[in-house]
Amino acid sequence: MCNPTACTFCALMSIFGAIMMFIVGILVSHNYPYLGEWYEPEEGHELPTDAQIATASTNCFTVMGIYMGFTVLALCCVCLQRVRR
């Protein structure tokens, strides 16, 4: 198991990742034009379809949940290390 400093760093990076994926998910769901080309253009559609927007935003929120799970795990490691001292 890692030391408390490494676990704290992991928790902070996971929080950052969760916040960023939340922001990207919101931007994708609102079809923000300056986000970049994150979709596969379909024939006859220059912009992303509603199905592509829904899938991409759902995936972003799923990844945010995974990052939050890693945050909880890292914070549990920090607490466990402090109890052992």
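Author: Let us begin with the word contact, which here means that heavy atoms lie within 4.5 Å. This is a predicted model, and in it threonine 71 touches Ala11, Ser14 and Ile15, once residues up to four places away in sequence are left out of the count.

Reader: Where is threonine 71 placed, and is it buried or exposed?

Author: Threonine 71 belongs to helix α2. A residue is called buried when its relative accessible area is under 20%, and because the value for threonine 71 is 4%, this residue is buried.

Reader: Which residues does serine 14 touch, leaving aside those up to four places away in sequence?

Author: Serine 14, which is found in helix α1, touches Tyr67, Phe70 and Thr71. With a relative accessibility of 6%, serine 14 counts as buried, and a polar atom of its side chain lies 2.9 Å from the backbone oxygen of cysteine 10.

Reader: How should I think about which way the residues of a helix point?

Author: An α-helix has 3.6 residues a turn, so residues three or four places apart point the same way. With that in mind, look at the buried residues of α1, which are Pro4, Cys7, Ala11, Ser14, Gly17, Ala18, Gly25 and Val28; the buried residues of this helix pack against α2.

Reader: Which residues are buried in α2?

Author: In α2 the buried residues are Gln52, Ile53, Ala56, Ser57, Cys60, Thr71, Ala74, Cys77, Val78 and Gln81, and what covers them includes α1.

Reader: Which residues form the nonpolar patch on the surface?

Author: The patch is formed by Phe9, Leu12, Met13, Ile15, Phe16, Ile19, Met20, Phe22, Ile23 and Ile26, which together have about 920 Å² of accessible area. One of these, phenylalanine 9, is found in helix α1. A residue counts as exposed when its relative accessible area is over 50%, and phenylalanine 9, at 55%, therefore counts as exposed, whereas serine 14 in its 6% counts as buried.

Notes
Residues numbered from 1 in each chain as written. Predicted model: local features only at pLDDT ≥ 70, side-chain atom pairs only at ≥ 80, totals over all residues. Heavy atoms only, no water. Buried < 20%, exposed > 50% of the residue type's maximum accessible area, 1.4 Å probe, protein only. Helix = DSSP H or I, 4+ residues; strand = E, 2+ residues; numbered from the N terminus. Patch = residues over 30% accessible without salt bridge, like charges linked within 9 Å, V, L, I, M, F, W, Y side chains within 5 Å. Areas by Shrake-Rupley, 256 points an atom, 1.4 Å probe, with all protein chains shown as cover. Salt bridge = Lys/Arg side-chain N within 4 Å of Asp/Glu carboxyl O. Polar contact = N/O pair within 3.5 Å; in protein donor to acceptor, adjacent residues only side chain to side chain.
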